[in-house]
Amino acid sequence: MTASYRSPTYYELPAPPELDWRPHRPAGWLEYRREWERRGREGRAEDFPLHLDVDPTNRCNLRCRMCPRTWYLERGRTEWAPNGPADMTMELYRRLIDEGRRSGLRSVKLNFLGEPLLHPRLTEMVGLAAEAGLWVMINTNAAALTPKLSRELLQAGLTDVFFSFDSPYREEYEAIRVGADYGQVLDNIAVFMAEKEALGLRGVQTRASMVLPEGLEDLERLKGDYIRLFRDLKVAEIGFGLPTVMGRDYSALGPAEGFVCPDLFRRLFVFNDGVCGPCCGDWERRLTVGDAGERSLGEIWGGPELTALRAAHLARRHGDVPACRDCSVPYLSTVEL
């Protein structure tokens, strides 16, 4: 399998020509992606994040087996949601988008530890970001993706949707994504794809991805069946990721020398309550860098917390930061996918 994109923990198969959305996007998208790569490669943060990961809600309708949220819930731990289940307020969200519009933000993804479709005003959130000229993305398990919601999200300006679907086989899927119905979710995805086609939105990116199970002997068979399933649904990209095993001590695998996290220079995470962090894996909020309810995003981006964190990475001393030392990404980067 030839990957079009590879990160330390993930790779993605390219869209076939008939499903390729890239030719249907304006030149500004290519400029944005070049800047994304440049910031990570050169370690230059500039004055404002290029991208925001905004968590509309920390609520979810599933209890997925490999999800950190499930792991913490089963142990009664609350670091990931110190104020309990809640949605982001529209007042806070508007402030984020308004500042981003003025400051050079290029994209927003509406997802972190919750299922974005559960936010009652998600369509409005998408519309506000689209009106600000941003690329607007969501990750979703698609269990709550009704035909009406599919149409409304697309009409509001959604540009990228990433379906998380963790097995091509019903029994395995329903054992992993606890609370989801295999056939219903596939039907939801098929309806979304049909709505996209009916609206003529050929520039909307679609992707289905799964986390690969550890220790599976016939991995190539699973990948092949997964690819066929979603190619039949005309989903453009197919992705496979490596799992972060919760509770595993990755630092015990030895020093990941020379690792510099590229995301420190291009993206910022805003949790549902406005607290900000730099990392997709900081579920325990050990790397909190500010509160968007109290400080502007620009102040947080250029603040002492993130500045010190970037300096540690650029000095090849990420291991001095406990949360970074424990991160799975540096260690998974050498694993064959």
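This is a predicted model: local features need pLDDT of at least 70, side-chain atom pairs count only at pLDDT 80 or more; totals for chains, interfaces and linings use all residues.

Residues are numbered from 1 along each chain as its sequence is written, and side-chain values use heavy atoms, with hydrogens and water left out.

Helices here are DSSP runs of H or I, at least four residues, and strands are runs of E, at least two, numbered from the N terminus. Take helix α8, residues 219-232. How far apart are its end C-alpha atoms? They are 20 Å apart, which agrees with the 20 Å its 14 residues should span at 1.5 Å a residue; the expected span is 1.5 Å times one less than the number of residues. Among the buried residues of α8 are Leu222, Tyr226, Ile227 and Phe230. Buried means under 20% relative accessible area, with exposed over 50% and partly exposed in between, using a 1.4 Å probe and protein chains only. The buried residues of α8 pack against β2, α6, α7, β9 and β10, contact being heavy atoms within 4.5 Å. After α8 comes lysine 234, with a positive phi near 65 degrees.

Now the pairs. The axes of α4 (122-131) and α5 (147-156) come within 8 Å and cross at roughly 15 degrees. Those axes are lines fitted to C-alpha atoms over the stretch in contact, with angles from 0 to 180 degrees between N-to-C directions. So α4 and α5 are roughly parallel; the cut-offs are under 35 degrees for roughly parallel, over 145 for roughly antiparallel, 65 to 115 for roughly perpendicular, and oblique for the rest. On the α4 side, the contact includes Leu122, Val126 and Ala130, and on the α5 side Leu149 and Leu153.

What about α5 and α7? Their axes come within 9 Å and cross at roughly 40 degrees, which makes α5 oblique to α7. Here Pro147, Ser150, Arg151 and Leu154 of α5 meet Val191, Phe192, Glu195 and Lys196 of α7.

Last stop: leucine 50, in the loop between α1 and β3. Is it buried or exposed? Leucine 50 counts as buried, because its relative accessibility is 3%. Beyond its neighbours within four places in sequence, leucine 50 touches residues including Tyr32, Trp36, Leu105 and Arg266.
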